[in-house]
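Dear colleague,

I am handing over a structure to you with this email, and I would ask you to keep it open while you read. My notes on what was found in it follow below.

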Amino acid sequence: MPDGPTETQKRKIEHIEIVLNRDTQYHDKTTMLEYVEVMPAGGAVSVNDVDISTEVVGRGIEAPMFISGMTGGPSATFEINKNIAIGAAKAGIPMGVGSQRAMVENHDLAYTYAVKKLAGDMVLLGNIGASKLLSYSPQVVQEMLDAISADMLAVHTNPGQESVQPEGDIDFRGAYGRVCEVAKSIRQPTMLKEVGNGISKEVAAKFEGKIYGIDVQGAGGTTWIGVETYRSKGSYGKAFWDWGVPTALSVLEVRSVFSGHVWASGGIRSPADVLKSIAIGAEMCGVAKPVLVVQNRGGSDEVYRFIESMKGGLRQEMARLGYSSIKELRTAKVRIGGQLAELARQRGLKLPASAD
Ligand SMILES: Cc1cc2nc3c(=O)[nH]c(=O)nc-3n(C[C@H](O)[C@H](O)[C@H](O)COP(=O)(O)O)c2cc1C
């Protein structure tokens with residue numbers, strides 16, 4: 001066992017400090033959800049009758065939302081994951097942990113991720129990098145997931161981040177094929193996720209029929225090229241700060257070629273973002289940075305309050321538009337305008353049911 005924190009552990013702490021204290025959001029790019037307009041359903045609905053519950057991997061949850069994977073490894077991250085887990089479990093939504101690489105390197109750190117047993121029953125997503133899978137056997141991945149009672153595996157693909165990260169691994173050759181192989185061998189369903197640069201239809205097509213789902217984690221919220229820019233010495237990161245496929249466009253890209261489950265995350269900041277994402281075909285929406293911020297301010301109580309306010313806002317938005325369930329919202333007609341419509345046309349994407 002190593003004596004002090006390893007490079008992986010030090011990096012995880014630096015990431016948290018940078019996200020909490022520096023500007024890490026996109027500057028000139030948005031999620032493009034502002035170009036999505038959801039048409040009213042026509043019926044009159046009371047906010048008290050709006051049911052936002054849904055399900056994921058056959059398990060009932062209270063809202064189509066989850067906390068995106070962020071951390072674990074160094075001892076200080078235990079408190080963060082524990083508070084997020086308690087808040088998320090009380091609010092009835094899933095959460096992800098950050099990359100489990102640190103616990104594969106040192107099993108003594110598993111407790112920083114194994115927060116499910118402290119929080120009560122919840123859907124928990126494990127996490128590992130796609131390029132790491134090239135050196136891990138499916139058995140290592142299975143054990144890593146079982147050690148924290150994970151219900152799903154999120155595999156992150158993050159070439160943008162790795163290209164700026166000083167110690168980044170930019171050799172992704174064979175990684176996508178490996179993700180599909182591992183997905184076949186493990187018991188938990190596998191989601192492919194980005195970290196805020198989005199997923200294009202070209203990448204999504206490689207996974208059709210091979211994994212459970214894709215969480216687009218698109219551009220418009222936290223930029224990991226931005227986060228790594230503070231840690232790297234070159235100016236490359238600044239030049240590519242805003243690189244990535246916006247979340248709304250990424251959902252349309254992925255849905256054009258991938259028939260599995262599609263989640264919309266990256267820059268999800270309001271109940272309206274969730275409403276619009278569901279209406280254009282996403283099943284779930286993940287939030288990362290805002291949850292880290294509220295956790296830092298007030299622990300599990302603030303995490304719980306944040307999720308409950310998102311849930312309350314979503315119910316109100318749905319009532320205003322006349323939708324009484326998530327199932328109904330999925331059938332909503334939408335109008336897609338501006339640059340999002342233009343990009344979707346250029347890219348030859350299938351659009352959701354139109355508003356005429
Ligand atoms: C402090 C922090 C650490 C993160 N670590 C990981 C990680 O280990 N694995 C991963 O897949 N994503 C990681 N992410 C990325 C998030 O899951 C998410 O994709 C990204 O931050 C965009 O979401 P946001 O705009 O809501 O912040 C991390 C995010 C934050 C804020």
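In strand β11 (residues 284-287), Met284 and Gly286 point one way while Cys285 and Val287 point the other way, and all of them are buried. A residue is called buried if 20 or more other C-beta atoms lie within 10 Å of its own, exposed if 12 or fewer do, and partly exposed in between, with the C-beta atoms placed from the backbone. In a regular strand the side chains alternate between the two faces of the sheet. Helices (H or I, at least four residues) and strands (E, at least two) are DSSP runs, numbered from the N terminus.

Please keep in mind that this is a predicted model, in which local features need pLDDT of at least 70 and side-chain atom pairs count only at pLDDT 80 or more, whereas totals for chains, interfaces and linings use all residues. Residues are numbered from 1 along each chain as its sequence is written.

Two strands are said to pair if DSSP finds at least two bridges between them. Strand β4 (residues 65-67) pairs with β11 in the parallel sense over three bridges, and Met65 has Cys285 as its bridge partner there. Strand β10 (residues 261-265) also runs parallel to β11 and is joined to it by three bridges, with Ser265 standing opposite Gly286. From β10 the chain crosses through helix α12 (residues 271-279) to β11 in a right-handed β-α-β crossover, where right-handed means that, with the strands pointing away from the viewer, the path from the first strand over the helix to the second runs clockwise.

Helix α12 itself is mostly covered, since eight of its nine residues are buried, among them Val274, Leu275 and Ile278. After α12 comes Gly281, which has a positive phi near 115°.

Most residues other than glycine have a negative phi, and most peptide bonds are trans. Met32, in the loop between α1 and β1 (36-38), has a positive phi of about 70°, and Met32 counts as buried because it has 27 C-beta neighbours inside 10 Å. Ser149, in the loop between α5 (138-146) and β7 (152-156), has a positive phi of about 55°, but Ser149 is partly exposed, with 14 other C-beta atoms within 10 Å.

With best wishes
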